Amino acid sequence: MLDAGGQYCHLEARKVRDLGVYAEVRPSETPAAEIASARGIIISGGPSSVYDPGSPTADPAIFATGQPVLGICYGQQLMAHLLGGHVRPGDRGEYGLAMLDLVATSDPMFASLSGRQQIWMSHRDVVETPPPGFSVVGRTDTCAVAAIADPARRLYGVQFHPEVVHTVRGMEYLSNFVFRVCGCERDWDPRHRVPLIEGEIRQAAAGRSVFFFVSGGVDSSVAFALCRRALGGESVRGVYVDTGLMREGETEFVRGLGGLTVEHAEAQFLGALAGVTGPEKKRHIIGEEFVRVQERIIESRSLADERWILGQGTIYPDTIESGGERGGESGGAAKAAVIKTHHNRVAGIQKLIQAGRIVEPLKSFYKDEVREVGRELGLPEELLDRHPFPGPGLAIRCLCADSDAPVEPAADGLIVPVRSVGVQGDSRSYAPVLAIDAMDHARATALTNRIRGVNRVIAPVETRVPIAQMRVHAATLSPARLARLRRADAIVRRISHHSGYDRKVWQFPVILIPLGTGEAPDSVVLRPVDSVDGMTAQSVTMEPELLRSMCAELMALEGVAGVFYDLTHKPPGTIEWE
Ligand code: XMP
């Protein structure tokens, strides 16, 4: 999978793996010789235009090796551009659902796929003239070149995204490419990799012991269990740092995993965060305090000496979503734009990585594959089914404000002056939130598309007073607010677990915002989302009865003036609010 810069690249690779075929992401410019052993090559989508200076390109030699190549979206445009076709800026972009007409051909790439079908598009430029040797096999009303083929050279391109669920027959395109065109076999199963991973761990450890900072999340717990199995419990130590920013009952849960000690650092973290309101500042401080705690532990337990290395639960998308500092194995920089700094990539850890004193046994696996590995190891479902929880914990779900500010009326609703992060295009933005009066996802999407500067839309479930009478209050990460959020989060988790709702959603953040009244200064925002790997996400609905029961308990909490529901998809709004 050649990464031309799209967050879709990982999704494409994951979908190929879901078919039972191993796929690896490499920078788009990777020389043909380095990928000569691949059975096939897919060039991913991406946000650039082939005419932008410095836009991702590919080694033209990949088209002459005889290996099949499939270009997706930008990948199709790049292929057309490099092989002598013509790409031009579209009159307007085409985003969302479209109907594709695919001609009947005997080409294995399009076997059984001819006819009219729903696809999903996200592009501005279009291929105007396909390169010599190619024929156009698919079109939509607005895109005349939606699928191209040169069967003799086994080169193919599609303008739509086969990897997203909205492309109804998308998996059949990927399946045709990997099995019928490339001749791959269904032989990739992460569960069968366990002995191999254990071998890699032993090799990386080279007789040294491994030390883990375990977070209680799926990734670090599975990585920890793998190392214990590979090296024996005696050679693997784990510490769980209680930052004071964890969820209710978390420390007890993690203790139950066994083989760990708990480091209490609540006072240190909360002290460093006292009075801080800026989202990035919080993240930065937490990252720094983490390094400080890590260094203290390393010192006090003499882990700095050569007998120890650090174990981490880094998974494949982590290595790219933070900008892929290490790049692909060929050394090029990965193209996914920097969305957030994940704290397992902070400077202190970078030093250890550079010194080679680190083992990351899951770094080539996707989340669902990590769960499969965990199952193979016999870890409890309760652990494996946990939703992801961010490293900085409740701190980034407890929004703060520097000063009081009123809620402002706007044409389409009310502007709530808190700072919430969004991702539009490939860059992030902080913006106030729009509150509308209806639980209407379609309207929320239309509003974020239309109104510049609005990247998140919420609707009230219940409020003590009309929203227009509420204010945003100056607020910090005080123990009282953290306790309020912790209670709210515990209520939501309990109810969504008992109802089975937590198994229907990918993640369910509960956010505290400083919006309320004098007596009840805060509001709770519910943010259940569906996602594949967190890179894109859909806000999902909830049965009214379930929502009512959650809301009743939340409204009974001290200091809570209202309960809201986040209607925003990602993009434009990130899953977390900070
Ligand atoms: P966003 O908010 O970027 O989140 O849509 C995508 C996924 O990443 C998690 N996340 C984080 N995880 N440290 C982490 O360990 C962080 O700073 C962080 N920020 C977001 C988020 O919970 C979601 O699963």
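Q: A residue counts as buried when its relative accessible area is under 20%. In this predicted model, how many of the 11 residues of helix H1 are buried?

A: Helix H1 covers residues 8-18 and is mostly covered. By the cut-off of under 20%, the buried residues of H1 are Tyr8, Cys9, His10, Leu11, Glu12, Ala13, Arg14, Lys15, Val16 and Arg17. The number of buried residues in H1 is therefore, under that definition, 10.

Q: Which residue just after H1 takes a positive phi?

A: Helix H1 consists of residues 8-18, and the residue in question is found just after this helix. Its phi is about 90 degrees, and the residue is Gly20.

Q: How many of the 9 residues of helix H2 are buried?

A: Helix H2, made of residues 74-82, is mostly covered. Its buried residues are Tyr74, Gly75, Gln76, Gln77, Leu78, Met79 and Ala80, while Gly84, with a positive phi near 95 degrees, follows the helix. The number of buried residues in H2 is 7.

Q: Is His441 buried or exposed?

A: His441 belongs to helix H13, residues 441-450. Leaving aside its neighbours within four places in sequence, His441 is in contact with Ser539, Val540, Thr541, Tyr565, Leu567 and His569. The relative accessible area of His441 is 16%, and because the cut-off is under 20%, His441 is buried.

Q: How are helices H4 and H5 oriented to each other?

A: The axes of H4 (residues 194-205) and H5 come within 9 Å and cross at roughly 75 degrees. The contact joins Val194, Ile197, Glu198, Ile201, Arg202 and Ala205 of H4 to Leu226, Cys227, Arg229, Ala230 and Leu231 of H5, and by class it has 8 nonpolar, no polar and 3 charged residues. Because angles of 65 to 115 degrees fall in this class, H4 and H5 are roughly perpendicular.

Q: What is the orientation of H5 and H11 to each other?

A: The axes of H5 (residues 218-231) and H11 (residues 367-376) come within 10 Å and cross at roughly 40 degrees, and H5 passes H11 in a left-handed crossing. Here Val218, Asp219, Val222, Leu226 and Arg229 of H5 meet Lys367, Val370, Arg371, Val373, Gly374 and Glu376 of H11, a contact that divides into 5 nonpolar, 1 polar and 5 charged residues. Since roughly parallel requires an angle under 35 degrees and roughly perpendicular one of 65 to 115, H5 and H11 are oblique.

Q: How are H14 and H15 oriented to each other?

A: The axes of H14 (residues 479-499) and H15 (residues 544-555) come within 10 Å, crossing at roughly 155 degrees, and the crossing is right-handed. Ala488, Ile491, Val492, Arg494, Ile495, Ser496 and Ser499 of H14 make the contact with Leu546, Ser549, Met550, Glu553 and Leu554 of H15, and these residues divide into 7 nonpolar, 3 polar and 2 charged. Because the angle is over 145 degrees, H14 and H15 are roughly antiparallel.

Q: Which residues touch the most other members of the largest nonpolar core?

A: This core holds 58 residues, and apart from it lies another core, of 39 residues, among them Leu19, Leu70, Ile72 and Leu113. Not counting residues up to four places away in sequence, Val241 touches Phe213, Val214, Glu263, Ala265, Phe269, Phe290, Val293 and Ile297. The residues asked for are Val241, Leu526 and Leu554.

Definitions and conventions:
Residues are numbered from 1 along each chain as its sequence is written. This is a predicted model: local features need pLDDT of at least 70, side-chain atom pairs count only at pLDDT 80 or more; totals for chains, interfaces and linings use all residues. Side-chain values use heavy atoms; hydrogens and water are left out. Axes are lines fitted to C-alpha atoms, for helices over the stretch in contact, and angles run from 0 to 180 degrees between N-to-C directions. Helices (H or I, at least four residues) and strands (E, at least two) are DSSP runs, numbered from the N terminus. A crossing is left-handed if the near helix is turned anticlockwise from the far one by less than a right angle, and right-handed if clockwise. Contact means heavy atoms within 4.5 Å. Ala, Val, Leu, Ile, Met, Phe, Trp, Tyr, Cys and Pro count as nonpolar, Asp, Glu, Lys and Arg as charged, and the others, Gly among them, as polar. Buried means under 20% relative accessible area, exposed over 50%, partly exposed in between (1.4 Å probe, protein chains only). A nonpolar core is a set of buried Ala, Val, Leu, Ile, Met, Phe, Trp, Tyr and Cys residues joined through side-chain atoms within 4.5 Å.
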